[in-house]
Amino acid sequence: MQSKYNIIKCCLAGLGLVLMVAALYLVFIYVPTDKHTGIIQRVFYFHVPLAWVSFLAFFIVFICGIFYLRRKTRTWDTIAHASAEVGIIFTTLVLITGPIWAKPVWGVWWTWDARLTATLVLWLAYIAYILVRNYAITKEQGARFAAVVGIVGFVDVPIVFLAVRLWRTQHPTTIVFEGGLTPAMLLTLLICIAAFTVLYILMVMQSNSLKSIEAELDSLSAVTRVD
Amino acid sequence: MKGIWVKIFAIFWKDLLSEFRTKEIITSILVFALLVLVIFNFAFDPETSVINMVASGILWVSLTFAGVLGLNRTFVSEKADAGLEGLMLCPVDRAAIYWGKLISSCVFILIVAFIITPIFLILLNLPLIVPRLALIIVLATLGFASVGTLFSALAINTRARDVMLPILFLPTVVPVIIAAVKATELVLESKPWGDMLVWIQIIVAFDIIYLVVSTLLFEHVIQE
């Protein structure tokens, strides 16, 4: 079981490496520069995959949370926890790469656009997710509370999005390209998405095995303390 | 079905009774909300026209913070003398505990809101008779209490109970705050009903979604 898990992890690491190198090549050498926004548009190839992975990560947290509350199996909780941690890192990167792109293109670092606000609220909700877990009195309780926060936080995002979109209707919709994606750009974007998704899976698996080892260590030290 | 309402009412009545004997929650959040209003008058110069633009924001920041404080108290009083354990030992559904607590929180916040709002309107020289504002306050308070009761029960069982509730509560109620601020702004400008309808719809949608979600999740929060 353990060795099989490690083999999958190694395969994914290899695949991830190949995809990452390919993505870097495509982003910096292959893809043509966007004629309207210039060189800064290349941020897009990192920004969009990061955003996609963040939402995927929080969707996994949501689903695992529901399963954990139903079944009370620790595995669901470990996956949810790992996914939330990785999700926070990716969302942070989304919130950093976004302003870098927005400043030259929109002229401002930040605007309270629906997407931006929803992402920020999501990020705050998952910071709370991690905090709840840390401040809970027992591990089991922390897992239960975190699952509840994960579910509530995920349900909130579409409502936030809707509210902010109505609130700031005067804001133009996010236009990354005028005239859509050229095939070269689409290919680059897809490869980047694939690369980041593999990276996400790999990080969750790594964090997952770390957490299993921690749990094992906890149970061992509990045994020795009794003796 | 009738049985559960009796139980919900019993829990609500118990909270109401203990509140009218101690007057702990209502007095503390009333004073707090009033202070927030007063402090805001120092932050914005009340003589300028700026005040009309930020008025509804001031009201909702004050009500939101007062709400957090009130919701925090609902389970603090239960924690003393193992009241929560007593409640959990009662032969009632966990959902009944949630709804009982929800209704009592709603009533406490509403009492404060209906005292603080006229004061706010007087202090800022705004029109006094605004029945539509009452509707917004009732719906938004229900939204606050629906999530707040769930998170309050959760926060009370953590080590950082006072900080935990705002950290969980504030990001979640963002849609309610946006919609309430916007709707209040339209009401204070005496705009027609149609303009604010979309904001009322958002608050109602939030209320329904979170009443259902919290009812389902509550049992996982207070089980020991």
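Guide: A polar contact is a pair of N or O atoms within 3.5 Å, and within protein one of them must be able to donate a hydrogen and the other to accept it. By that rule, the side chain of B:Asn157 makes a polar contact with the side chain of B:Lys79, at 3.0 Å. The model is predicted, and the values below are computed from it.

The partner across the chain boundary is A:Gln141: leaving aside neighbours within four places in sequence, A:Gln141 is in contact with A:Ala136 and B:Asn157. A:Gln141 belongs to helix α5 of chain A. With a relative accessibility of 5%, A:Gln141 is classed as buried because the cut-off for that class is under 20%. For a sense of scale within chain A, A:Gln141 and A:Val198 are separated by 57 residues in sequence and by 31 Å in space, taken C-alpha to C-alpha.

Now the interface as a whole. The size of an interface is often given as the accessible area lost when the parts come together. Between chain B and chain A the buried area is about 2600 Å², and carbon and sulfur atoms give 77% of it. Five residue pairs are in polar contact between chain B and chain A, counting pairs with both residues at pLDDT 80 or more. On the side of chain B that touches chain A, the elements giving two or more residues are α6 (131-155), α7 (161-172), α8 (174-188) and α9 (193-222) of chain B. Of these, α9(B) gives the most, with 10 residues. Sorted by class, this side of chain B has 21 nonpolar, five polar and two charged residues. In the contact, 28 residues come from chain B and 28 residues from chain A.

Salt bridges do occur elsewhere. Side chains of opposite charge can pair when their charged atoms come close. The structure holds 11 salt bridges over all chains. One of them joins A:Glu85 to A:Lys211, with the closest N and O atoms 2.9 Å apart. A:Glu85 is in helix α3 (residues 74-106) of chain A and A:Lys211 in helix α6 (residues 183-226) of chain A, so this pair ties together parts 126 residues apart in sequence. A:Glu85 is partly exposed, at a relative accessible area of 30%, whereas A:Lys211 counts as buried at 13% relative accessibility.

Another pair in chain A also uses helix α6. A:Lys139 forms a salt bridge with A:Asp218, the closest N and O atoms being 2.8 Å apart. Because A:Lys139 lies in helix α5 (residues 139-167) of chain A and A:Asp218 in helix α6 of chain A, the pair ties together parts that are 79 residues apart in sequence. A:Lys139 is exposed, with a relative accessible area of 68%, and A:Asp218 is partly exposed at 37% relative accessibility.

In chain B, B:Lys101 forms a salt bridge with B:Glu78, the closest N and O atoms being 2.8 Å apart. B:Lys101 lies in helix α5 (residues 94-123) of chain B and B:Glu78 in helix α3 (residues 50-79) of chain B, so parts 23 residues apart in sequence are tied together. Both B:Lys101 and B:Glu78 are buried. These two residues belong to a network of salt bridges that links B:Lys14, B:Asp15, B:Glu78 and B:Lys101.

Two backbone details in the loops of chain B complete the tour. Most residues other than glycine have a negative phi. B:Lys23 has a positive phi, near 55°, and is placed in the loop between α1 (2-22) and α2 (24-43) of chain B. At 46% relative accessibility, B:Lys23 is partly exposed. B:Ser190 likewise has a positive phi of about 55° although it is not a glycine. The place of B:Ser190 is the loop between α8 and α9 of chain B, and the residue is exposed, with a relative accessible area of 57%.

How values were computed
Residues are numbered from 1 along each chain as its sequence is written. Chains are lettered from A and ligands numbered from 1 in the order in which they are written. This is a predicted model: local features need pLDDT of at least 70, side-chain atom pairs count only at pLDDT 80 or more; totals for chains, interfaces and linings use all residues. Side-chain values use heavy atoms; hydrogens and water are left out. Contact means heavy atoms within 4.5 Å. Buried area is the accessible area (1.4 Å probe) that two parts lose on being put together, summed over both. Helices (H or I, at least four residues) and strands (E, at least two) are DSSP runs, numbered from the N terminus. Ala, Val, Leu, Ile, Met, Phe, Trp, Tyr, Cys and Pro count as nonpolar, Asp, Glu, Lys and Arg as charged, and the others, Gly among them, as polar. A salt bridge is a side-chain nitrogen of Lys or Arg within 4 Å of a carboxyl oxygen of Asp or Glu. Buried means under 20% relative accessible area, exposed over 50%, partly exposed in between (1.4 Å probe, protein chains only).
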